[in-house]
Amino acid sequence: MHTILLVEDNEMNRDMLSRRLKRNGYDVVMAVDGDDCMNRLRSMIPDLILMDINLPGRDGYQLTREIKADSSTAHIPVIALTAHAMSGDREKCIEAGCDDYDTKPVNITSLLEKMMKLIGA
Amino acid sequence: MANKRDPKHKAHPALARSYWPRSFAYAAGSLLVFAQVPTDNTIAQYVVLGFGFLYPTLFYHLGMRSRNTRFVGFLGYYLDALIWSAAVIYTHYSIVLLLLAPILAAVSSLLMMGIKRAFLPALLMTTILASVWYFELAPFEPFGHLSLPQAIFGWAMLLVFMIYITSLVNGTTRSFVAARHELQEGNTKIKEQSEQLASITYVAQLVNSTLDLDQVLSTVMRSLNQVFSFTMMAILFVDEKREKLVLDRMSGDVSPQLLERLEGLDIPLDEQNSAFTRTVTDAQPVYLADVSKDIGASEGVSKLIYEIVPAKSMLTFPLRQDGAVEGVLVFANTRNYLDLDPSNIKEIGRYVTYIVSAIRNAKNYRAIQDARAAADAANVAKSQFLANMSHELRTPMNAVIGYTEMLQEEAEDRGLDDLVPDFEKIRSASQHLLQLINDVLDLSKIEADRIELSPEVLSVDELISNVSAHVEPLIAKNRNQLKITRRSALGEVFLDRVRLHQVILNLLSNSAKFTRKGTIEVVAERLTEHEHDLLIIKVRDSGIGMTEEQLERVFEPFAQADASTTREFGGTGLGLSISRQICEMMGGSLTATSEKDVGSVFTVCIPVEHTGVRAGALPHAKAADKSVGPVKHVLVIDDDASIRELMTRMLKREGFSVYTASSGEEGLEMAMRIKPSVILLDVMLPRMDGWAVLTKIKSTPELADIPVVMQSILDEANKGFMLGARDYLTKPIDRKRVLSVIGKLQRSDDKRVLVVEDDKDTREIMASWLTQAGWEVSAAVDGQEGLEAWKRTRADLVILDLMMPRMDGFEFMEALRQIPEARETRVVVVTAKHLEPEDLQKLNGSVERIIQKASRPADEIVQEVARHLGQ
């Protein structure tokens with residue numbers, strides 16, 4: 001079973017998304033902000049990270065850059081989730097080191113497809 | 001200098017005035033000599049007589065034809081002395097002959113210079129006579145013979161006298177020259193005055209045409225400095241509480257450091273004795289010929305100002321607005337003392353009235369601009385707010401849709417099938433709400449100017465099939481048929497894929513919604529002819545259609561044809577509004593036609609290869625299409641619509657593609673975009689005139705090579721271009737520019753250049769630059785010499801000054817064009833023209849413009865354009 005680290009500050013969205021992921025057979029670990037996320041990464045290596053971009057404190061771009069800069073975590077695929085859907089968001093995500101990108105509200109089918117592409121399951 | 005074509009040409013005064021005395025002297029002298037000649041030698045007698053009578057006239061005419069009459073005049077006196085001496089010797093020192101010359105010379109000097117100045121010659125004559133008496137040359141026998149010493153003495157006297165007379169004549173000439181200078185000076189003064197008049201009219205026009213106060217100020221300063229010399233000019237305004245004078249702006253010799261030091265030095269209005277405050281309280285101009293003597297100069301803030309700006313002389317004017325003094329205008333000279341009389345001050349006061357109007361205009365304009373900026377800011381803020389709101393709304397929507405979908409799945413899994421349709425309703429409503437939020441976001445982004453197109457090369461066919469695949473379920477829902485028709489090969493376009501997709505999808509889903517069991521047709525075609533390359537996509541349906549009133553409002557946001565349709569058909573009511581805005585951003589349009597109960601047609605029309613510049617400008621002013629072939633583009637810049645149309649018709653008939661612009665700014669923008677082969681430029685344009693446009697074109701590297709044909713009334717300034725000058729240089733000349741202009745016109749085997757320029761320095765410096773650049777340079781000081789030089793050298797290129805003495809540049813051009821061999825010779829005109837306000841004035845003042853222009857043969861203009869294109 002693959003472990004997903006879900007970084008999302010909005011409680012409802014976190015709860016909803018984690019439950020849907022679990023229903024689809026994933027093990028989900030949750031983090032509420034950047035510090036939480038980095039703490040979790042010190043004790044575990046997930047198979048994939050779902051990263052909300054709009055986070056309090058360090059935002060998703062910043063976190064992704066840090067993750068990709070650390071050799072112990074750089075290999076973990078990151079999918080950015082953004083509510084912006086502004087032109088240029090995609091470029092910014094990729095530039096920060098994200099492996100893929102999806103917009104919120106999440107279309108669960110398309111998100112699962114993207115995840116499968118990255119972790120091969 | 002001689003000029004056969006000038007009928008007013010006259011002999012030099014020295015030559016003219018000496019003619020009669022000389023004639024008389026020679027006549028008398030020859031008679032005397034005649035009497036001395038032995039009577040048996042008749043030939044000698046007649047030679048003497050003939051010479052005496054003919055020589056003065058002959059000499060006069062020879063002198064007239066010579067190139068330097070003054071020199072000939074002097075030469076004449078020496079020749080006279082020699083001939084006279086010869087006669088004296090021949091007559092064995094005849095005392096009468098010896099005396100006749102000084103007497104005549106004295107008489108002639110009396111005639112030429114009056115009694116007072118003829119005193120010295122008279123004195124000299126008396127001395128000679130006295131010395132003759134002293135040497136006891138008497139008895140005065142008319143034909144007596146003298147002894148050798150006496151004769152030598154007499155002869156020496158004669159020579160001294162002649163030299164003296166010559167120098168006197170020289171002096172007279174000098175006084176003539178001085179008188180002419182005085183006349184010229186008088187002329188210059190008159191010219192200055194008329195220039196002043198012209199410049200004040202120019203300032204007046206500038207005030208009416210520009211809102212740029214700084215421009216008005218610097219123009220006024222420039223105009224004034226033609227007569228008076230001020231080094232700086234400042235405007236101070238009374239503040240709102242009417243407590244102090246605050247510096248608003250300065251022009252002239254002003255450095256940023258100086259401005260910084262003056263910062264905050266506001267003059268309290270109750271400051272006593274200050275020239276500034278006196279101007280406000282007395283509402284009268286104050287003139288300080290020597291500022292240091294002013295009491296105010298040693299008190300308060302004014303003193304501090306004088307210390308920073310040590311003005312020698314100063315002149316202030318009150319600036320009155322609606323009766324009250326609102327400020328002070330200060331003219332100052334920090335280098336020299338100025339001596340102004342009341343009439344000068346009055347003169348300057350005339351300019352001040354214009355500055356007052358300019359200030360008022362600028363203030364009004366600023367108020368309008370501020371208001372508009374505030375409105376714009378409010379609008380942007382509103383759009384920004386909407387964008388933020390939409391974003392905030394999407395976050396909870398995320399949860400709503402997510403949980404609903406989840407519950408729906410749960411219900412299905414647990415077999416609670418009766419709940420599934422209700423969850424579906426919640427989901428669908430949420431989706432609709434989300435779509436609405438997205439559309440609002442889109443629309444507000446468009447309105448806040450935050451959407452940027454990212455064009456890419458894409459296949460139209462592929463795009464259409466993508467969209468139809470996307471919309472297939474929606475079309476099937478109402479049991480409609482989708483038909484796709486391609487009227488022509490669609491090829492590839494350079495457009496924003498996502499946005500174009502969005503537009504076509506919107507149109508198709510609208511049609512699908514409002515049509516039942518009908519046909520929806522997509523008709524696509526690519527129209528490519530001349531400068532047009534358009535992509536046209538029509539979406540036609542056989543749906544419920546719209547009435548005319550509905551059609552009118554269909555593109556307004558939230559204005560679905562009927563409010564009830566939202567309930568029946570769904571949709572946000574924003575799609576068409578957004579689609580239209582996207583099309584317009586792409587430089588195209590979205591239009592609709594419809595008939596109630598029959599169907600609607602929506603037409604997207606987008607110019608291909610649009611560069612992403614926001615639409616607005618003319619749809620045909622787009623990049624030239626390379627596939628069309630070598631169509632020559634001509635850009636006509638003229639503010640007169642009838643002229644534009646005339647030119648367009650004329651040039652189109654000749655197979656050119658024609659673009660038009662009605663102002664200099666628009667013309668420049670279009671020139672940058674279309675890079676025309678030739679630009680036809682009107683001299684008199686509103687705001688930015690033709691000369692300014694020309695300067696701009698020639699200083700923009702991308703445009704500098706485009707031939708520009710100036711046109712307007714046949715004024716001297718543009719006559720140069722009409723005569724066929726290929727380019728022009730402005731004074732002061734610049735080495736780089738000279739070499740680049742010449743280099744541009746140079747053909748492979750060109751090596752000879754002729755510089756025709758009356759100013760020695762300019763001529764020599766240009767010649768040295770060109771020589772260094774490897775040209776064979778010849779030079780001439782005026783048109784006439786220029787023509788001769790051209791005939792001699794057959795120069796390939798001519799650099800021609802327009803303003804020259806004798807034969808000016810225009811005459812030179814006319815004459816050069818008469819020479820068949822000179823047809824290939826390219827001429828570059830040197831002019832200071834476009835900088836002179838008077839020239840603008842001259843052009844602006846014309847009322848005959850249209851008539852003149854229309855009376856010019858149309859063929860001439862066409863030929864002119866063709867000539868530029870042909871070479």
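## Sheet of chain B

Two strands are taken to pair if DSSP finds at least two bridges between them. In this predicted model, chain B holds an open sheet of 6 strands in the order β3-β2-β1-β6-β5-β4, with antiparallel pairing. Strands here are DSSP runs of E with at least two residues, and helices are runs of H or I with at least four residues, both numbered from the N terminus. The edge strands are β3 (267-268) and β4 (286-288) of chain B, each of which pairs on one side only.

Strand β2 (residues 244-252) of chain B joins β3(B) in the antiparallel sense over 2 bridges. Within chain B, B:K244 stands opposite B:P268 of β3(B). Helix α9 (residues 275-282) of chain B packs on the sheet and touches β1 (232-238), β2, β3, β4, β5 (313-321) and β6 (324-333) of chain B; contact means heavy atoms within 4.5 Å. The direction of α9(B) makes about 35° with that of β5(B), where axes are lines fitted to C-alpha atoms, for helices over the stretch in contact, and angles run from 0 to 180 degrees between N-to-C directions.

## Helix α7 of chain B

Helix α7 (residues 213-225) of chain B has 13 residues, which should span 18 Å at 1.5 Å a residue; the expected span is 1.5 Å times one less than the number of residues. The end C-alpha atoms of α7(B) are 18 Å apart, which agrees.

Buried residues (under 20% relative accessible area; exposed is over 50%, partly exposed in between; 1.4 Å probe, protein chains only) of α7(B) include B:L213, B:V216, B:L217 and B:V220.

## Salt bridges

A salt bridge is a side-chain nitrogen of Lys or Arg within 4 Å of a carboxyl oxygen of Asp or Glu. By this rule, 26 salt bridges are counted over all chains. In chain A, the side chains of A:E66 and A:R58 form one at 2.6 Å, N to O. A:E66 is partly exposed at 25% relative accessibility, and A:R58 is partly exposed at 28%.

In chain B, B:K293 forms a salt bridge with B:D290, the closest N and O atoms being 4.0 Å apart; B:K293 is exposed, at 70%. Another joins B:E525 and B:R487 at 3.5 Å, N to O. This pair links distant parts of the chain, 38 residues apart: B:E525 lies in strand β10 (residues 519-529) of chain B, and B:R487 in the loop between β8 (481-486) and β9 (492-495) of chain B. B:E525 counts as buried, at 17% relative accessibility. Salt bridges that share partners join A:R20, A:R23, B:E405, B:E409, B:E410, B:D413 and B:R414 into one network.

## Basis of the values

Residues are numbered from 1 along each chain as its sequence is written, and chains are lettered from A and ligands numbered from 1 in the order in which they are written. Local features need pLDDT of at least 70, side-chain atom pairs count only at pLDDT 80 or more, and totals for chains, interfaces and linings use all residues, while side-chain values use heavy atoms, with hydrogens and water left out.
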